[in-house]
Every structure is written in structure tokens, then in C-alpha cells.
Amino acid sequence: MAKASSALLKRRLDIAKIVRQNGEVKVDELSDQLKVSHVTIRQDLTYLEQQGYLKRSFGGAIYISPEGQVHNSVALNSSQTKGNSDIDLAKACLSYINDGDTIFLGHGFLTRKLIPFLHKKKSLRIIMNDIRNAQLVREFSDAEVILIGGVLCEGNIIKSCNELISIGNKYAISHFIIELAAIDGDNSLIIENCEQKEIYQQILKYSKHTIGLLLERSLLADNHSIGKLKHIDVTILSKAAVTEYHHQLLNSNFKQIAINKYCMTYHNLLGT
């Protein structure tokens, strides 16, 4: 798949941002604002809908929250805040990624939101086990993509640990970027998808640094723990998650080192 031009990438990112900030927007408005034809805007909206960034509506598009719920213009305050949170959490990872890094990119809504911004980094190597996200990386970035083989599970996720030992030995994985569902009271790192558990446990061993992203606690029937909080070097949390986890992080030797309107970043003072 040919990589889209920088102008096309920028316009699509701009559209996603405009829809997120406004809740709902019309094709006419986007065409006037971005100085391109209605046909071009419709093509962009179709692509962004396919990638899960918005929902097409009659004559325009509507923002979709992380839970996949469509919001209209009468409920902008909560959708705007959550929308900005998920993008801010994803973008906060960029400061830890350097040109030439090798990254294992975990599965999830937040990690997918990070992908379009990776075009800013050069000569990346990205390892993953999600076909859909691998296709998105190829669309937005020049990064080398290594897709772990195995059994294809629901949601285009590949379940296999057969290659992890050889991959861990062959490549120096600089960062493991993982989306967390919760941090339990005993500091267990909880993920939502049990199919990922064994793979993530192995990647934690091979990665030089691990970055955990947490938008808000997920209410799970089962706890799929992949390790402990001490195994994380950096945690990036939304303001909603900070309310719950701030004292737990401080008591676990994490220090708050960055803050903006929508999220906070904590560093593990003890390392791993």
C-alpha cells in the first residue's frame, strides 16, 4: 500500500481534530475551511470512518467516543473532553520515541490513535500482532512493520508466542506501548483482552522501556494481569484516571513529571 502524501495526512488529521472538537460538522464547512472540494472531503470522511475516528452522517460526520458511542452537538462538553484526552494520551508517547527506535505497539483504542502521529518519526521499526493496525501504520508511516505470525483471532488480532523469543533476541525493543484497562489495588496491570495476556507478559521481559496508557478504569468481570506496576517505566493517564490512581502511583515510587489540560505523565523513579 502506497503511503499517503504529507498534505493528505495533515488534512485528514485536521478533519479528525475538527470533528472531535465540534462534535458534528458538515461537508460544506470542512470544504470551506480546508479549501478542497466536497468530493475530496467525502473521500477523507469515508477513510476516517473506516479507521474508527468518526461516524459519517447525512451531509457530514459525528465524533465517536472511545466507547464507540456517537455523540451529537447537544452533548459536546463530555465528548470534547474525552476526545481530547484520548488524543493527548496518544501524542504524549511521541516525546519518548526517537528516530530509529524499535517499538512493540500493543492492541487498543489509544495505541491506534497514536499511529497517525508516527509519521513525525523516521526509520522506526514497529512490531505488532494486529493486522488492522499494521495496515494503518503502512498508510501513515515509513516505518518497517513486523507482524507476528500465528492464529488469527477475533478483531484481526494474531495470537502466538512462538516467534517472541526469536524476535526478542533479534531486535532490541526500545519501547513497549500498552493500553491498560485498570491498575488493581495490589498494583497488578490489567488488560481488557485475555488473548493478549501471554504475549504481553513476554514482551515486558524483552522491552527496554514500557509505557502504559490509561484513559479510565474498565469494569471487567475477569482480571487479566500481565505484571506489576513496577514493570512500567512511564504511565500516562487521563485526568479522570489520575483522580483514582494518583496516590497509588506516588506510593509506588512514581513521580508526576508532566501535566496538561487533559492528561498527566508519571515516571517510575526506581526504573525496571
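## Close-up views

**Figure 1. Asn253 has a relative accessible area of 36%, so it counts as partly exposed.** Here is what the exposure words mean: buried is under 20% relative accessible area, exposed is over 50%, and partly exposed is in between, using a 1.4 Å probe and protein chains only. Before you zoom in further, note that this is a predicted model, where local features need pLDDT of at least 70 and side-chain atom pairs count only at pLDDT 80 or more, while totals for chains, interfaces and linings use all residues. Residues are numbered from 1 along each chain as its sequence is written, and side-chain values use heavy atoms, leaving out hydrogens and water. Asn253 sits in the loop between α9 (239–251) and β15 (254–259). Helices (H or I, at least four residues) and strands (E, at least two) are DSSP runs, numbered from the N terminus. What is the phi of Asn253 near? It is near 70 degrees, a positive value in a residue that isn't glycine. For background, most residues other than glycine have a negative phi.

**Figure 2. Asn187 is another non-glycine residue with a positive phi, near 70 degrees.** Look for Asn187 in the loop that links β10 (182–183) to β11 (188–191). With 21% relative accessibility, Asn187 counts as partly exposed.

**Figure 3. Helices α1 (residues 6–22) and α2 (residues 27–34) cross at roughly 130 degrees.** Two packed helices are described by the angle between their axes and the distance between the axes. The axes are lines fitted to C-alpha atoms, for helices over the stretch in contact, and the angles run from 0 to 180 degrees between N-to-C directions. For α1 and α2, the axes come within 12 Å. The pair is therefore oblique: angles under 35 degrees count as roughly parallel, over 145 as roughly antiparallel, 65 to 115 as roughly perpendicular, and the rest as oblique. On the α1 side, the contact is made by Arg11, Asp14, Ile15 and Ile18, and on the α2 side by Leu30, Gln33 and Leu34. Contact here means heavy atoms within 4.5 Å. Sorted by class, that's four nonpolar, one polar and two charged residues. Ala, Val, Leu, Ile, Met, Phe, Trp, Tyr, Cys and Pro count as nonpolar, Asp, Glu, Lys and Arg as charged, and the others, Gly among them, as polar.

**Figure 4. Helix α3 (residues 38–50) crosses α1 at roughly 75 degrees, with the axes coming within 10 Å.** Are α1 and α3 roughly parallel or roughly perpendicular to each other? At that angle, they are therefore roughly perpendicular. From α1, the contact uses Leu8, Arg11, Arg12, Ile15 and Ala16, and from α3 it uses Thr40, Ile41, Gln43, Asp44, Leu45, Tyr47 and Leu48. Seven of these contact residues are nonpolar, two are polar and three are charged.

**Figure 5. α2 and α3 pack at about 110 degrees, their axes 9 Å apart.** This pair is therefore roughly perpendicular, and α2 passes α3 in a right-handed crossing. Val27, Asp28, Leu30, Ser31 and Leu34 of α2 meet His38, Ile41, Arg42 and Leu45 of α3. The α2 and α3 contact has five nonpolar, two polar and two charged residues.

**Figure 6. Ile211 lies in strand β12 (residues 209–214).** Is Ile211 buried or exposed? Ile211 counts as buried, at 1% relative accessibility. Setting aside neighbours within four places in sequence, Ile211 is in contact with Cys93, Tyr96, His175, Phe176, Ile177, Ile178, Val234 and Ile236. Ile211 and Ile236 are 25 residues apart in sequence, and their C-alpha atoms are 7.6 Å apart.

**Figure 7. Cys263 is in no disulfide, and the nearest cysteine sulfur, from Cys93, is 9.4 Å away.** A disulfide is a pair of cysteine sulfur atoms within 2.5 Å. How many disulfides does a search of the whole structure find? It finds zero. Cys263 is buried, at 3% relative accessibility, whereas Cys194 is partly exposed at 44%.

Methods: Left-handed = near helix turned anticlockwise from the far one by under 90°.
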